[in-house]
Amino acid sequence: MVSEPVIRARRLGKSYKNVEALKSLDLEVPSNSIFGFLGPNGAGKTTTIKLLLGLVRPTTGSAEVFGNDIVGDTIGVRRRIGYLPQEPRYYEHMTARETLRFTARFFYKGPSSGIEKRVQETLDLVGLADKADRPIKGFSGGERQRLGIGQAQVNDPDLLILDEPAASLDPMGRRDVLAIMERLRERSTVFYSTHILDDVQRVSDTVAILDLGELVAKAPIGDLLAGSDGIVYTMEVKGDGGAAEKRVESQSWVSKLRVTREAGVARWLVSVTDPAAAESQLLRLLLADEHVAVASFGRRTYELEEVFMNLVEENGDGQR
Amino acid sequence: MASANVPLQAAAGRGWLVGFGNMVDKEYGSWWRTRRGLLHVFLWLLVINGFLFLVGVDEHGGNPYRALNELIQIFFQVGGLFATIGIIVSTQSSVLGERQLGTAEWVLSKPVTREAFLLSKLLVNGVTFIGLAVVIPTVAFFLQTLLHTYLQPSPGPFMLGLALHVEQLVFYLALTLALGAVLSSRGAVSGVAIGLLFAGLILPNFFPSLMTWTPFALPAAGYMVATGRPLSDGAWVPILVTVLWTLLFVLVALWRFDREEL
């Protein structure tokens with residue numbers, strides 16, 4: 001049974017005076033996914049997050065989180081969410097423990113011992129147990145971000161929304177944040193915005209790309225990295241491959257073959273309809289010809305950065 | 001520990017004051033889990049009661065009753081002016097500061113209503129400030145009058161006079177919170193509120209009707225009541241009007257803050 005999406009937005013839009021920050025967003029976020037929300041600065045990512053949290057009101061359309069309307073039942077929505085803002089700000093006079101206690105009390109009415117236990121577990125999880133009783137005003141950027149992640153998940157949320165969670169962290173901090181996100185996937189859905197494409201490629205299972213307030217792509221990460229031109233195998237072939245070309249083209253599961261040559265090496269791009277057949281037969285078809293040597297063979301994939309840049313540049317043509 | 005194993009109970013309340021208790025505790029903590037509260041205790045004892053020591057009271061040829069009245073007048077004038085400036089300054093960034101710093105965005109991403117956020121500030125700042133700048137100096141004032149005149153103000157009328165003083169403070173608190181929800185500059189918030197306070201000292205000389213429709217008449221009325229003198233027939237009008245202005249400012253603050261895009 002397919003579970004209901006955690007977030008469902010329909011033509012959700014937001015304008016500030018004459019600027020359309022978000023244009024008619026249609027989006028569904030599946031349950032228990034790590035959903036990467038990508039886009040350049042000003043794409044509308046933070047606006048979308050703020051709309052979901054009821055911090056700003058939509059100009060058009062609607063959205064639901066766990067079936068609760070983001071305008072009509074914003075308290076119901078926020079009860080099930082943990083949120084880390086892009087630049088988290090806390091009350092400077094409070095300690096980390098007091099901040100987590102303050103946050104937890106919005107979600108739990110007691111008992112106090114249970115709340116204290118949860119606070120301590122959270123401090124341990126984010127590695128702030130030894131600094132728990134120091135005022136936040138002395139915290140470094142990384143410590144603040146750890147506290148931010150702690151306060152976002154102190155209520156054991158069904159949905160964790162993180163706005164640029166690793167932007168201000170060093171590589172170690174980033175690694176820790178990604179590890180926490182992966183751990184939380186078991187019981188929550190993680191919806192996060194980021195610029196760091198490496199992180200997205202490492203942990204996300206679904207990705208949406210937003211540009212100029214518009215959704216330009218949304219797909220499972222595997223599909224996105226496979227590209228939009230179907231299943232393509234790429235090979236580097238040395239020697240006279242004329243006969244092999246004909247053999248490959250005649251296969252029923254080959255839809256297209258493109259060959260380009262450079263410095264004595266032919267690059268084959270074989271579009272196929274049946275990847276299983278391609279994996280078992282394609283290499284054999286070439287190696288049957290003793291005049292041919294295969295230098296490399298594999299299924300074509302893209303780096304996320306390549307996909308992202310292509311989509312954003314394509315969308316930006318004539319608009320920027 | 002057995003109690004540690006009791007499962008957490010989710011807060012399930014609904015309505016327009018969800019999160020109010022937690023916000024009240026947080027606001028209270030900003031006064032008493034820091035040095036802020038203690039600082040205000042000393043500040044207001046120094047400003048209000050210290051001022052009474054400094055000015056020196058004419059002994060009025062050995063008439064202690066006249067000396068007592070003079071002390072009460074000074075207490076109401078000094079308290080009325082400085083405590084009002086104090087409540088404006090100490091709460092000018094209460095809403096605006098949180099809007100600008102981003103703490104409001106963070107807090108309001110939790111299950112708490114904007115009404116609870118704002119009203120907790122009104123309640124805690126009002127009660128705490130009145131305690132620090134009215135109740136404690138009043139206790140000290142009763143000791144001072146004993147020292148100066150061997151007399152004490154009559155408690156009943158004095159408390160009624162103080163109630164008018166408190167009414168003025170709450171008016172300026174509500175105004176400051178409303179301005180903090182509407183404006184985007186701390187200077188503008190305190191400038192408008194303090195400007196109105198000083199306007200109240202000057203403008204009624206040119207436009208006497210302002211005394212009826214503003215809280216400008218309250219300090220004098222407070223002193224009159226506190227010394228047991230009767231008020232004029234129409235004196236209840238500015239008292240009632242000030243209550244209405246205060247409610248209006250609270251409603252404006254709630255209305256505006258509810259529409260705030262964080």
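In this predicted model, B:Ala133 lies in helix H5 of chain B. Leaving aside neighbours within four places in sequence, the residues in contact with B:Ala133 are B:His40, B:Trp44, B:Ala83 and B:Gly86. B:Ala67, by contrast, stands 66 residues away from B:Ala133 along the chain, and the C-alpha atoms of the two are separated by 23 Å.

The buried residues in question are B:Asn22, B:Met23, B:Lys26, B:Glu27 and B:Trp31. Helix H1 itself, made of 13 residues (20–32), reaches 18 Å from its first C-alpha to its last, which is close to the 18 Å expected at 1.5 Å a residue.

Chain B as a whole has a secondary structure of 10 helices and 1 strand, and from the N terminus on its elements run β-α-α-α-α-α-α-α-α-α-α. The table gives some overall values for this chain.

| Property of chain B | Value |
|---|---|
| Box filled by the C-alpha atoms, along the principal axes | roughly 70 × 55 × 30 Å |
| Buried share of the 262 residues | 40% |
| Share of contacts with a separation of 6 or more that join residues 24 or more positions apart | 81% |

Key:
Residues are numbered from 1 along each chain as its sequence is written. Chains are lettered from A and ligands numbered from 1 in the order in which they are written. This is a predicted model: local features need pLDDT of at least 70, side-chain atom pairs count only at pLDDT 80 or more; totals for chains, interfaces and linings use all residues. Helices (H or I, at least four residues) and strands (E, at least two) are DSSP runs, numbered from the N terminus. The expected span of a helix is 1.5 Å times one less than its number of residues. A residue is buried if 20 or more other C-beta atoms lie within 10 Å of its own, exposed if 12 or fewer, and partly exposed in between; C-beta atoms are placed from the backbone. Two residues are in contact if their C-beta atoms, placed from the backbone, lie within 7 Å.
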